[in-house]
Amino acid sequence: MIRAILIFNNHGKPRLSKFYEHYTEDTEQQIIRETFHLVSKRDENVCNFLEGGMLIGGSDYKLIYRHYATLYFVFCVDSSESELGILDLIQVFVETLDKCFENVCELDLIFHVDKVHNILAEMVMGGMVLETNMNEIIMQVDAQNKMEKSETFIFQSTRQDR
Amino acid sequence: MALKIVKGSIDRMFDKNLQDLVRGIRNHKEDEAKYISTCIDEIKQELKQDNIAVKANAVCKLTYLQMLGYDVSWAAFNIVEVMSSSKFTYKRIGYLAASQCFHESTDVIMLTTNQIRKDLSSPNQYDTGVALTGLSCFVTPDLARDLANDIMTLMSHTKPYIRKKAVLIMYKVFLKYPESLRPAFPRLKEKLEDPDPGVQSAAVNVICELARRNPKNYLSLAPLFFKLMTSSTNNWVLIKIIKLFGALTPLEPRLGKKLIEPLTNLIHSTSAMSLLYECVNTVIAVLISLSSGMPNHSASIQLCVQKLRILIEDSDQNLKYLGLLAMSKILKTHPKSVQSHKDLILQCLDDKDESIRLRALDLLYGMVSKKNLMEIVKKLMLHVDKAEGTTYRDELLTKIIDICSQSNYQYITNFEWYISILVELTRLEGTRHGHLIASQMLDVAIRVKAIRIFAVAQMATLLDNAHLLTGNMQRNGICEVLYAAAWICGEFSEHLENPMQTLEAMLRPKVATLPGHIQAVYVQNAAKLFSTVLKSQEGSTEGTAAQETSQLMIDRLPLFVQSANLEVQERASCILQLVKYIQKLQQKEVEVAEEVSALFAGELNPVAPKAQKKVPVPEGLDLDAWINEPPSESESEDEQPKAIFAKEEPKHSRSRHTEVDEKELARRREARKQEQANNPFYIKASPSSQKVYQESPGVEHIPVVQIDLTVPLKVPGLPMSDQYLKLEEERRQKERADKKKKEKKKRKEKRSGRGRRHDSGPESEEDITPAHMVDIVTEEMPENALPSDDDDKDPNDPHKALDIDLDKPLADSEKLPVRSHRAAKVAKSPVEDGDAENTPPSQEPKKKSSKEKREKKKDKDRDRKKSKEEKKKKKHKHEEKEEDLLGGEADEPVVQSEDTTEVVALPTSTNAEVSDLDFWLSNAPVPSNTQEAATVAATAEADSVPEATSGTAPDSDHDEPKNSELEETKSSKHKKKKQKKEKEEKEKKKKKKHHHHHRHHSDGGADESVQNGTVEDEEPLPPMSNYCLLAENSYIKMMMEDADEVCDIQGNLQDGSQVVVSVIFENKCDSLLKSMEFNVLDSLNSKLQRPEGSGPHDGFTVPFQLPPGVSNEARLVFTVQSIVMPQKMKGTLTFIVKNEDSSIHEKLDFKLHFTCTSYLITTPCYSDAFAKLLESGDLKCSSVRLEEVNMPFHHLLARICFHHHFSVVERIDSCASMYSRSIQGHHVCLLVKTSGQTVSIDAKCDEPTLLGNVLDEIKQTFSQC
């Protein structure tokens, strides 16, 4: 099971937080802060796994992260997930973002966190991996976006951001 | 027109959308909080609008603010509003917001039930998808209960997109509403074979997640997963399955055997590192679950270790990390294979990556030996000095202590060294583990008597230099060591060189700044020291010195009397008064030292940490029962005043009673110690090698180098454990030299006896003798301590509720609840294809479209069909067996001549699944397997081809749990009873063939015999059988197989009070025997399990008839309560003898004899577990001697194994340890030794009566041959 998925930048600003277990807002912020603290002080060429300790869940849980340019993608998972599998999943996630946003950068995540959530929802559901095939994910996301467009042409035409 | 209005209102209202909000926040970096609060005000305004678009926009912004840590639960109702919008765009926003901030205690959640249900059945698959995704995040028990049925229907949706989401969310539903698991499980299982890979993967995912928590319920799915594993190419699915197998193998070793080959193939073939790694992991799990003694698996271990080494050597830090992680799993069972890579692991300790260093540290734990402990610890100490960051340093500290203290300080040869290491560790700044060091100091000082002098001296210096520790470290807990120091100095003050100085150190004013509990120890131990000082001073005639000491106490103690800590205050004032009194006496020149020291006389013994927990509940004491009936509600008020005035007489008698008990207890303990001391075979709990050395001849001549204690004890800041390292080196060198000399001598003398040297570690390790002959005092345990201390499980684990037997047929009451009345109103949507199949038609007859009905019917039909099919299958199987009875004879001469085929007559319903699994497992490619595996394999899956061969096939087919046992134990001899001698020639012949038959079995279980320690190239074993004659007359002969136990395959020992008796009925006359009825008189303890619905005196109808000359076997299940005594039961067999013209009723009386042996189950046991069991000291021992036993030792062992269901744990020459377990979980351990014709058996068991009986039976077995 995946307990939480966090994306934050090099300064610890959260760009996306998805907790599959309930925490209060304060705890969530604390977890993000601590995770950032743990992850950010690590060198570039060390392993991508971290024992979460008491942060989330306890000793059965691990933090698995990847660092892309200005962003950290952190998954907090328990022992039923394959470590290398999750690393691959993060890669799939980022590649999907890249396809959906066309050369994704931090700004895309900042302004379109809802879209990132929607993409993530096609990959992970309730803490379990739903789909790992990028083409399938993109297809579903596109189909939903198309639907959205057909519904909301009214103000989509007046307000376009990108 | 309307459109224009809408557009206008949007323009007006839309001052900000999400992007504007984000931009705004970024532009107000200085006053972000203020800006956001104005935004929230705006959002609140927007939420008050009627326009759903505005609301959705507001909710979208709230979701973003939630991520930044703002509580948005106040908008929960608005979120629900947005969720219920008919537009997908808004709905999605609403569900996203809900998934981010709803949780179980959000009260508006209950309003969503109908909305979610509507969305789930929406014609638009993305509406359904969004609802499922949202629900997966905030599902509550209520939602789960109300929606379980709808989601279950979605699992069969036409769109794979919906199917996979529905399958996945079921896990969440199960967690919240465990009752849904059983009804939903069949469909979930179906989805494992869904044509869509995504759905399949989701189903695998869910089942893996379920099985991880309660693996035993999912064992029956193993064949299906095995098929998936060998057919799937999706690595993600493969990884999950392989991980699942890793969880299943510990429960079923046969599964492991089956897995090894495909896994090894995968390891060789796959290029995906993630898959490779998981395969290695599961192979390790398999190897752990299998016996370590299996030679053919060493290749697999080697393969794993080799692959892991490649991973560790890889430049990719991730692989390195995982390699070390997996290595630590191997370490537990196969330490030697890992030890050879010590270099690599030590290298990893220097890695720059902390995670990797931590993993390497874990591995070190298993790599130490007596030889290298000091070296490794020295290396770690260097790391401690270098380490920056307290977490890593703390980890190092705990690891050092773990490594040193593991298995009762097994690897420590020099405790002085260890104490100095501990003292050095106290100099660590900022560690959290002061208490850990303290407890180690205490433990060592208490348990290793020889070290006390040294320890006390060290502790005294510590106390003297307490200021160094307490400087600024109040908060980080290193001062905890002072607790230990003070206690040790006080308790063992007789060893102090200068007690006065220590006393002064303990009474320094600065002590008052220490934490309360440490001060309390200081005060108490100051009193102990005081008594020691008094003693020495009074002896030396200077009366004034003693008085001065008292004065010192009186001067200093008031400081503690003022302490805010109650305990300190209490102790201080108590002791102060005492000292004042002493002073008074001293002034009268009375000698008080003797009396004062009497206050602290006697020694404290260490008590095992779990001792309290292990005190058994005395027989007849029900802890849950009320001592006094609780007064009823109405009476309680009346009774209370009475209680106040009631006399408390009974209390007195009770306290007196306990006193007696304590004395009695002490006496018994003493007796037990005596007994243990006199018993040479009692394996004491202290590290064995030390004991062994005391016993082995001549070792005591090795000079023990006395370490010069004048070495300056502690110069703060200067590490001194290094000195020990050097000394140790020298000592070892010297020893080696000595040893060589001795060896020469020895050779001349010729060795006279042999110690048990082989039992642990490599030879080189044994050569290191400890510097001190330390006696590690065993921790005390209560009498009859209970052996088990499981149930460490968290009672709050939500997964506990999911521990549900999935194979039982579904009861009507378990069907998922159907839509409630309220819901019916919403269910207007015409395309509600997913309506419940279980809906009682009466509830909402009007609303159901005909289409729904049809579908419902279909569903039901399908279910019915399935159950029918299953029934058919079962029936079919039976028929096949019957055919076999007739047809099989021709094929297999051995079986034919014997004419015994079996029909199962188990009254307990056996389920097809388990037997299928068993069957599947039974054709596992056992390496040394011969005939049997082949025949069984040929019989294929239960329902396919009619079985070609018989005889063995039915055996393994429906034996279920017993199966393995049969295979394992069928390698033995025949019990010869008196009646047998009277037997006719003809029968004897038959018997021989019977043996022959069993020999085949023993071939099949050859691996077992290796495990049992009999080496194949020794003399072949004489054939053995467990069948003995029960009764016979001119018509019929009954033979009983030594009662065999059935333990539920799930290993539930609580239900393990069942014994299965196989009875062979053989028709000896020329007429047909029919209507056989088997009946026994139930005793209080043992009862025949009769088919449901029959009375306690009804017989058990034997389910077959016997044509002339034919024999057949029936199984009878008995339940027994107490298994400590052998049982005898009287019984009668009634039957009708049918001739052509007449039929006569006949009967045959017999006696069933249940020996205690028959309650034992052959249970393999590893030697380390065995040693631990003996060590635990809660077993009673007893012994027996057999004279004039004329058989090779391995025959003897084989006989004990076969007849008495033991397994050999370890065999060394003419000595072997054996183990077995009763169906109720009693451990029985034997140590069998032979010299000449005498065999001595020393046995230990937690149930003395059982043990006595088993020993008697063993004796009888050998007296008969």
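Mentor: What follows is a close look at one strand, then at a sheet and a helix.

This is a predicted model, in which local features need pLDDT of at least 70 and side-chain atom pairs count only at pLDDT 80 or more, while totals for chains, interfaces and linings use all residues. Residues are numbered from 1 along each chain as its sequence is written, chains are lettered from A and ligands numbered from 1 in the order in which they are written, and side-chain values use heavy atoms, with hydrogens and water left out.

The part is strand 16 of chain B, residues 1227–1235. Strands here are DSSP runs of type E with at least two residues, helices are runs of H or I with at least four, and both are numbered from the N terminus. Seven of the nine residues of strand 16 are buried, so the strand is largely enclosed by the rest of the structure. Buried means under 20% relative accessible area, exposed over 50%, and partly exposed in between, with a 1.4 Å probe and protein chains only.

Now the pairing, which requires that DSSP finds at least two bridges between two strands. Strand 15 (residues 1215–1222) of chain B runs antiparallel to strand 16, and seven bridges join them. In this pair B:Met1218 has B:Leu1230 as its bridge partner. The hairpin of strands 15 and 16 has four residues between the strands, and B:Gly1225 takes a positive phi near 90 degrees there.

Strand 16 is also joined to strand 17 (residues 1238–1245) of chain B, by eight bridges and again antiparallel. Here B:Val1228 is bridged to B:Cys1245. This second hairpin has two residues between the strands, and B:Gly1236 takes a positive phi near 65 degrees.

Next, the sheet. Chain B has an open sheet of four strands in the order 8-6-10-11, with antiparallel pairing. Strand 8 (1100–1101) and strand 11 (1143–1154) are the edges, each pairing on one side only. Strand 6 (residues 1072–1080) and strand 10 (residues 1127–1138) are linked by seven bridges, and B:Phe1078 stands opposite B:Leu1133 of strand 10.

Last, helix 24 (residues 415–425) of chain B: eleven of its eleven residues are buried, so this helix too is largely enclosed by the rest of the structure. Among them are B:Trp417, B:Glu416 and B:Glu424. At the start of helix 24, a side-chain oxygen of B:Asn414 comes to within 2.9 Å of the backbone nitrogen of B:Glu416.

Conventions:
A polar contact is a pair of N or O atoms within 3.5 Å; within protein, one must be able to donate a hydrogen and the other to accept it, and residues adjacent in sequence count only if both atoms are side-chain atoms.
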